[in-house]
Each structure stands twice: as C-alpha cells, then as structure tokens.
Amino acid sequence: MPELPEVETVRTGLERLIVGRTVSAVSHNTSRSFPNVATEVDQFMVGTTVVAVRRRAKLLLIDLSSEYTLVTHLKMTGQLVFRGDQNFGAGHPNDSLIGELPDKSTRVVISFKDGSRLYFNDQRKFGWMMLYPTVEVPNIDFMKKVGPEPLDESFTPQDFVERFVRRKNTSIKAALLDQTVVAGVGNIYADEVLWGAKLHPATKVFEISVSKFRILFRELQYVLRLAIEKGGSTDRNYVNAEGKKGSYIEFARVFRREGQPCPRCATTIKKIRVASRGTHLCPNCQKL
DNA sequence: CACTTGACCTGTCCGC
DNA sequence: TGCGGACAGGTCAAGT
C-alpha cells in the first residue's frame with residue numbers, strides 16, 4: 001500500500017519533523033527489524049543527527065551525520081510515525097488513525113535527545129530498516145536495478161515506452177508493477193492509471209501502440225501527482241509521519257470501487273485477478 | 001533471460 | 001458465536 005505517493009508524503013513529513021534532531025537511543029524488538037546490522041545499530045546511530053530525508057522508489061533514505069543512511073521499506077503495513085513531547089491517545093483532535101505509541105505493531109523506536117520519538121510500526125513484519133554507509137546506498141542491489149522515477153523532469157514519454165521493451169509478452173499491469181521498469185507504482189495506482197488510459201490490465205504490452213503509451217504516461221504522472229497532493233491513499237494501514245490518513249481513496253475511480261458505477265460511463269466496476277493481484281476495472285471502458 | 005507463482009506475516013472478513 | 005479459509009499486496013526466491 002505504501003506506493004510512491006505514500007512514501008513521498010512520509011518523506012515530506014519526516015523532513016520537516018526530524019531533520020536536525022539527534023538520536024539518543026534506538027530500541028527494536030526483533031533482529032528482523034534490522035536484518036543487516038541487528039547488533040550494531042547503536043554504534044551507527046546513537047549520537048548522530050538527521051541531516052536529510054530522501055526517497056527513491058518506495059524506499060525512504062534517512063541520512064545521518066555519521067555518513068550512514070537508514071534505509072527503510074514500509075512494504076504493505078509499515079508506518080513511520082513521529083511523536084513530540086505529547087503522546088496522543090486515541091480520540092485526540094489531531095485526526096490520528098493510531099493511538100498511544102508504542103503499540104503492539106511497534107518494532108523500532110528511535111528516540112531523540114529532545115524527548116521526541118520516531119516509531120516504526122509494521123503489523124505484518126514485511127518491512128525492514130537497514131543501515132548503509134551513505135556512499136554505498138547507490139550500490140544496493142535494489143537501487144542498481146530499480147527503474148527511473150516517473151515524476152523526474154528528465155523522464156520523457158520516449159524513455160517511458162523504451163522501459164517496457166523487455167516486458168513485451170506480459171500484461172501491462174504486471175509490467176507497471178515491475179519496479180525495474182518504472183519505480184514506485186503499486187497495485188492501487190496501477191489500477192487507477194490503467195482506467196485513466198482506458199487499457200484493460202491484462203492487455204499484453206506488445207499490443208499497446210506508442211500513442212497509447214503516451215496517454216498511459218500522462219495518466220501515470222497525473223495520478224501520482226494528484227495522489228501526492230492528497231497525501232496518498234489510506235486503504236487500511238497507511239498513515240503519514242504524523243499518524244494521519246491520506247485522502248486519495250476518495251478520489252479513486254476504480255480502486256476498491258467494485259460494484260459502483262464507473263465515473264465515465266456508469267458501467268458497474270468489476271474486480272478480477274491479473275498478475276496474481278486483485279485488479280479493478282470498468283469492463284466497458286477497458287476492453288481487451 | 002522472460003515470466004509466473006509462492007513465501008514471507010498478521011488482521012479482517014465471509015460463509016457455514 | 002466460533003472457526004476455517006480466502007484475501008490484502010511489495011518484493012524476492014524459486015520454479016517453468
């Protein structure tokens with residue numbers, strides 16, 4: 001669920017909330033939380049100051065003054081929530097989806113010198129944090145093979161089309177979800193974008209014309225920008241760095257709207273399976 | 001290499 | 001009400 005817009009929203013929040021703060025302690029309850037440095041976390045982090053918060057694809061990169069970078073993947077249910085000196089409980093007028101922290105899904109707590117804290121919650125435990133020397137981050141396997149950022153100004157429609165050449169025999173949905181083609185697209189925005197381009201998700205890549213790809217590219221950028229503006233999508237677990245929900249789901253055209261009318265033609269939206277993923281589409285607008 | 005499927009987890013929801 | 005099973009979806013490993 002955290003896809004590019006959600007991770008970017010968390011990044012923006014963290015940039016404002018934790019840059020300049022100095023780490024005083026790190027606690028974690030399972031070695032799986034830091035798979036590459038489980039026993040050495042303190043020496044890499046305690047006493048260091050957060051100097052920047054970056055994003056690449058769905059990865060959050062928190063740069064520390066020690067020239068180490070905390071790399072975090074939220075996977076499906078990960079949350080990074082900052083709390084200042086007041087630890088809001090449920091019902092606090094801050095619109096938080098979550099209550100008092102830590103809670104039972106909390107896996108890592110990063111404490112700062114001033115008493116504020118950053119909580120890494122992850123109900124399904126698929127997410128992770130790893131520490132790398134900042135200069136080594138571009139050499140992480142994932143970073144080397146991940147595709148371009150779809151909202152990069154230098155990324156052109158021609159570049160976009162060329163990224164799909166390797167995947168011409170698969171469905172356009174599987175290709176969009178492939179992080180080595182284009183970075184940051186997940187199940188929610190893949191469905192939204194394919195509806196926007198009037199493409200059936202099971203359409204084979206080789207069947208799609210260049211002009212159609214240009215429309216798809218435009219829709220991809222439109223949907224991702226709109227989603228960032230709305231603070232991402234809260235389907236179930238996603239919250240931003242303040243624990244608040246995103247509102248894109250209210251604007252979604254097909255995602256999680258099976259049984260409802262298509263906003264374009266009023267045909268009932270269906271949910272099918274494509275690329276082993278739940279897939280929402282309008283059977284009238286998006287034909288094979 | 002291209003492509004698909006299963007595994008990793010836990011909470012929720014649906015049907016019996 | 002309880003209980004089993006399907007489902008949720010990002011990524012990688014293992015399979016064809």
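1. A residue is near a strand if its C-beta atom, placed from the backbone, lies within 6 Å of it. By class, the surface near DNA strand C has six nonpolar, four polar and five charged residues. Here Ala, Val, Leu, Ile, Met, Phe, Trp, Tyr, Cys and Pro count as nonpolar, Asp, Glu, Lys and Arg as charged, and the others, Gly among them, as polar.

2. A quick word on what you're looking at: this is a predicted model, where local features need pLDDT of at least 70 and side-chain atom pairs count only at pLDDT 80 or more, while totals for chains, interfaces and linings use all residues. Residues are numbered from 1 along each chain as its sequence is written, with chains lettered from A and ligands numbered from 1 in the order in which they are written.

3. Now for DNA strand B. The residues around DNA strand B include Lys-104, Arg-124, Phe-126, Asn-169 and Ser-276. Sorted by class, the surface near DNA strand B has six charged, four polar and two nonpolar residues.

4. What about chain A overall? The C-alpha atoms of chain A fill a box of roughly 55 × 45 × 30 Å along the principal axes. Of the 288 residues of chain A, 41% are buried (20 or more other C-beta atoms within 10 Å of a residue's own; 12 or fewer is exposed, in between is partly exposed; C-beta atoms are placed from the backbone).

5. Finally, Asp-141 counts as exposed because 7 other C-beta atoms lie within 10 Å. Asp-141 and Ser-111 are 30 residues apart in sequence and 30 Å apart in space, C-alpha to C-alpha.
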